[in-house]
Amino acid sequence: MKKKLLYSLVALVIIYGLVTLIVPPIIEKGMNLVEYTIPRQINSEAQTLYNSLDFIADLHCDALLWDRDLTKKVDYSHVDFPRMQEADMALQAFTIVTKSPKGQNFQRNSADALDKITLLNFVQGRSPSKWFSLYERAEYQARALSQYPERYNGNFILVKSRKDLKYLIDSKKVNTKVIGGFLGIEGAHCLEGKLENVQKLYDEGVRMMAPTHFFDNELGGSAHGISGKGLTDFGKAVINEMNRLGMIIDLSHISPKMIDDILDQSTRPVLVSHTGVRGTKDSPRNLSNAHVKKIAELDGLIGIAFFKGAIDGEIKDIVEAMKYIRDLVGIRHVALGSDFDGAATTPIDVTGLPLIVQELMNQGFTKMEIRAIMGENVKRFLMEHLPSK
Ligand SMILES: [Zn+2]
């Protein structure tokens, strides 16, 4: 009887081990799709301009959610380090997702819905503490990225300060293989309602945070939640703490009321890491003209996302949203905010970025404007707003 029990236990452990090896890539392959694969037609003028860019940056990707070794190139999903090098990318924001409600949609999600990430972390073989603690999930992903500078033989730089950013820029001039990343968070429910966790996550290297994700939380209402609330008292305290530490506030996914509250309260410029604009696609996911104007007045930055929902789904739609912001408030406020590996389908992976340049040229953007969108605006913003060292 005891032997039988032991055999069953061993069999269960083996099956679980196999599940953790086999299932996560299957899930990821089905979720991070590229709509238009090869052949991609890129004209020589666009490629030449792309090759001349010396700082390409993107404000949002969720690659840390998936259990993938980012130092290895794979033939699915959107981002890994070898493909960043192929695209000659300088800096990618790696954002941490800790909870995702079942049936996730842009209209209405309950915080009490079944959390899909609990199941994902289970099949990924992450330890039981990550199945239940949102804070530990965030800490785990932050530490995962923090290991890469050593694991990638110094070719990956984790940017936590202006000094690191300067080091990245200087290193890239002598070694084009060098790439960089910085850490953000999607949804401050991972603070688990504790103000001191802002400092703890800052100490783990996090430099950007969006107060809510798909559902309302302790800080206030999500754009896709139920309450539509603005900042709560706890939310206000978190914004003050982020301002104090120099952690950048990301307005993606939050309710219109909360955007107003934060724009009224924050003493520092904000950004929107991945969004569209209602002017080209009327969706609760996207920014109104009034918000675009107010963010620009405060010298903020708006990253345009690549997925259907923020835009209509094609490269020309991404560029149209960029054009809309440029015409409304100026080129200084436009950036890339792909949402690569964010469980969404995008028209390109990171190696397809030259196609964005080509479309920007087609739609009449000047070389200076293209440089600004492709990375110079992000560089300037971070040089002004990251902690000095
Ligand atoms: Zn998002």
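Predicted model: local features only at pLDDT ≥ 70, side-chain atom pairs only at ≥ 80, totals over all residues.
## A walk through the chain

Numbering runs from 1 along each chain as its sequence is written.

Still zoomed out, the C-alpha atoms fill a box of roughly 75 × 50 × 40 Å along the principal axes. Buried residues account for 49% of the 389; buried here is 20 or more other C-beta atoms within 10 Å of a residue's own, exposed is 12 or fewer, partly exposed is in between, and C-beta atoms are placed from the backbone.

**Into the core.** Select I56, I185, M209, I302, I318 and I373: these have the most contacts inside the largest nonpolar core, which has 107 residues. A core is a set of buried Ala, Val, Leu, Ile, Met, Phe, Trp, Tyr and Cys residues joined through C-beta atoms within 7 Å. Now center on I302. What does I302 touch, leaving out residues up to four places away in sequence? The list is V272, T275, L287, V292, I295, I325, H333, V334 and A335, with contact meaning backbone-placed C-beta atoms within 7 Å.

**α12 on α13.** V292 turns up again here. Pick α12 (residues 289-297) and α13: their axes come within 10 Å and cross at roughly 65°. Axes are lines fitted to C-alpha atoms, for helices over the stretch in contact, with angles running from 0 to 180 degrees between N-to-C directions. N289, V292, K293 and A296 of α12 meet I325, L328 and V329 of α13.

D299 counts as partly exposed because it has 15 C-beta neighbours inside 10 Å.

**A covered helix.** Next, select α14 (residues 353-362), where 7 of 10 residues are buried: L353, P354, L355, I356, V357, Q358 and L360. Show α2 (44-52), α13 (315-329) and α15 (367-385) too, as the buried residues of α14 pack against them. Just after α14, look for G364, with a positive phi of about 85°.

**α9 and α10.** Move to α9 (residues 196-203) and α10 (residues 233-245), which pack at about 35° with axes 9 Å apart. V198, Q199 and Y202 in α9 meet V238, E241, M242 and L245 in α10.

Two stops remain in this region. In the loop between β4 (179-186) and α9 sits E192, another residue other than glycine with a positive phi, near 55°. E192 has 15 other C-beta atoms within 10 Å, so it is partly exposed.

Finish on D233 in α10. Buried or exposed, with its 9 C-beta neighbours inside 10 Å? D233 counts as exposed. Draw a C-alpha to C-alpha distance from D233 to F307: 33 Å in space, 74 residues apart in sequence.

Note on methods. Helix = DSSP H or I, 4+ residues; strand = E, 2+ residues; numbered from the N terminus. Contact = placed C-beta atoms within 7 Å.
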